[in-house]
Amino acid sequence: MKFKNEVGAIVLRVVLGVTFFIHGLAKFQGGIGNIAGWFDSIGIPGFMAYVVAGIELVGGIALIIGLGTRIVSALFVLLMIGAIIKVKLAVGFLGNGQMAGYELDLAFLAMALFLTINGSKQFSVSQFFVKNESAKI
């Protein structure tokens with residue numbers, strides 16, 4: 001059972017990492033200044049666009065390789081809560097025809113929350129820095 005849980009956690013970790021990495025990369029490639037302007041227009045300081053895109057980009061890589069999974073996932077939880085409350089909640093679960101709803105953000109939030117609570121140690125860089133827990137007995 002533990003093996004199955006760890007395999008599931010690896011899948012979540014890598015898929016979430018790739019997804020956030022691509023979103024962060026797209027923000028920088030598409031013109032981060034435009035994103036900063038949009039942030040300003042919705043009442044979020046423009047510099048936060050750089051912070052969010054940086055967390056997505058660097059955090060995505062960290063999840064893919066399994067470095068700081070719980071911390072990075074907790075940051076993603078915060079990002080998703082902010083995105084849902086500030087941007088997506090007003091357009092509803094499925095959106096309004098002009099903008100997507102918060103259903104995907106909620107799925108990412110759930111994935112990140114699972115990883116925040118459970119972590120994912122197998123096939124991760126972090127396993128080389130953390131002492132083996134079974135050796136503590």
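# Salt bridges, rings and core in a predicted model

User: Which helices hold Lys27 and Glu56?

Analyst: Lys27 belongs to H1 (residues 2–29) and Glu56 to H3 (residues 47–65), so the bridge ties together parts 29 residues apart in sequence. Both Lys27 and Glu56 are buried, too. The helices you want are H1 and H3.

User: And Lys88 with Asp105: what is the distance between the closest N and O atoms there?

Analyst: Lys88 and Asp105 form a salt bridge. Lys88 sits in H4 (residues 69–88) and Asp105 in H5 (residues 103–118), so this pair joins parts that are 17 residues apart in sequence. Their closest N and O atoms come to 3.1 Å.

User: Is Asp105 buried or exposed?

Analyst: A residue counts as buried under 20% relative accessible area. Asp105 has 10%, so the word for Asp105 is buried.

User: Over to Thr19. Which backbone oxygen lies 2.7 Å from a polar atom of its side chain?

Analyst: Thr19 is placed in helix H1. With a relative accessibility of 18%, Thr19 falls under the 20% limit and so counts as buried. A polar atom of the Thr19 side chain lies 2.7 Å from the backbone oxygen of Val15.

User: Now the rings. Is the pair Phe20 and Phe76 stacked or tilted?

Analyst: The structure has 4 aromatic pairs. In the pair of Phe20 and Phe76, the ring centres are 3.8 Å apart and the planes meet at 10°. Planes under 30 degrees apart count as stacked. That makes the Phe20 and Phe76 pair stacked.

User: How many residues apart in sequence are the parts that Phe20 and Phe76 tie together?

Analyst: Both Phe20 and Phe76 are buried. Phe20 is in helix H1 and Phe76 in helix H4, so the pair ties together parts whose separation in sequence is 56 residues.

User: What about the rings of Phe20 and Phe108: what angle do their planes make?

Analyst: Phe20 and Phe108 are both buried. The pair is tilted, with ring centres 5.8 Å apart and planes at 55°.

User: Which aromatic cluster does Phe20 form part of?

Analyst: Phe20 touches Phe76 and Phe108, and among its other contacts are Leu57 and Met80. The cluster is made up of Phe20, Phe76 and Phe108.

User: Which element gives the most residues to the largest nonpolar core?

Analyst: That core has 23 residues, and the members touching the most others are Leu16, Phe20, Phe76, Met80 and Phe108. H1, H2, H3, H4 and H5 each give two or more residues to this core. With 6 residues, the biggest giver is H4.

User: What covers the buried residues of H4?

Analyst: The buried residues of H4 include Val72, Phe76, Met80 and Ile84. Lys88 is also on that list. The cover includes H1, helix H2 (32–41), H3 and H5.

User: Which residues does Gly54 touch, not counting those up to four places away in sequence?

Analyst: Gly54 is in helix H3. Its relative accessible area is 22%, so Gly54 is partly exposed. Gly54 and Phe114 are 22 Å apart in space, C-alpha to C-alpha. The residues touching Gly54, with those up to four places away in sequence left out, are Phe28 and Gly59.

User: Last one: is Phe123 buried or exposed?

Analyst: Phe123 lies in the segment after H5. Its phi is near 55°, a positive value in a residue other than glycine. The limit for exposed is over 50%. At 66% relative accessibility, Phe123 is exposed.

Technical notes: Residues are numbered from 1 along each chain as its sequence is written. This is a predicted model: local features need pLDDT of at least 70, side-chain atom pairs count only at pLDDT 80 or more; totals for chains, interfaces and linings use all residues. Side-chain values use heavy atoms; hydrogens and water are left out. Helices (H or I, at least four residues) and strands (E, at least two) are DSSP runs, numbered from the N terminus. Buried means under 20% relative accessible area, exposed over 50%, partly exposed in between (1.4 Å probe, protein chains only). A salt bridge is a side-chain nitrogen of Lys or Arg within 4 Å of a carboxyl oxygen of Asp or Glu. A polar contact is a pair of N or O atoms within 3.5 Å; within protein, one must be able to donate a hydrogen and the other to accept it, and residues adjacent in sequence count only if both atoms are side-chain atoms. Rings of Phe, Tyr and Trp (its six-membered ring) pair if their centres lie within 6.5 Å; planes under 30 degrees apart count as stacked, over 60 as edge-to-face and the rest as tilted. Contact means heavy atoms within 4.5 Å. A nonpolar core is a set of buried Ala, Val, Leu, Ile, Met, Phe, Trp, Tyr and Cys residues joined through side-chain atoms within 4.5 Å.
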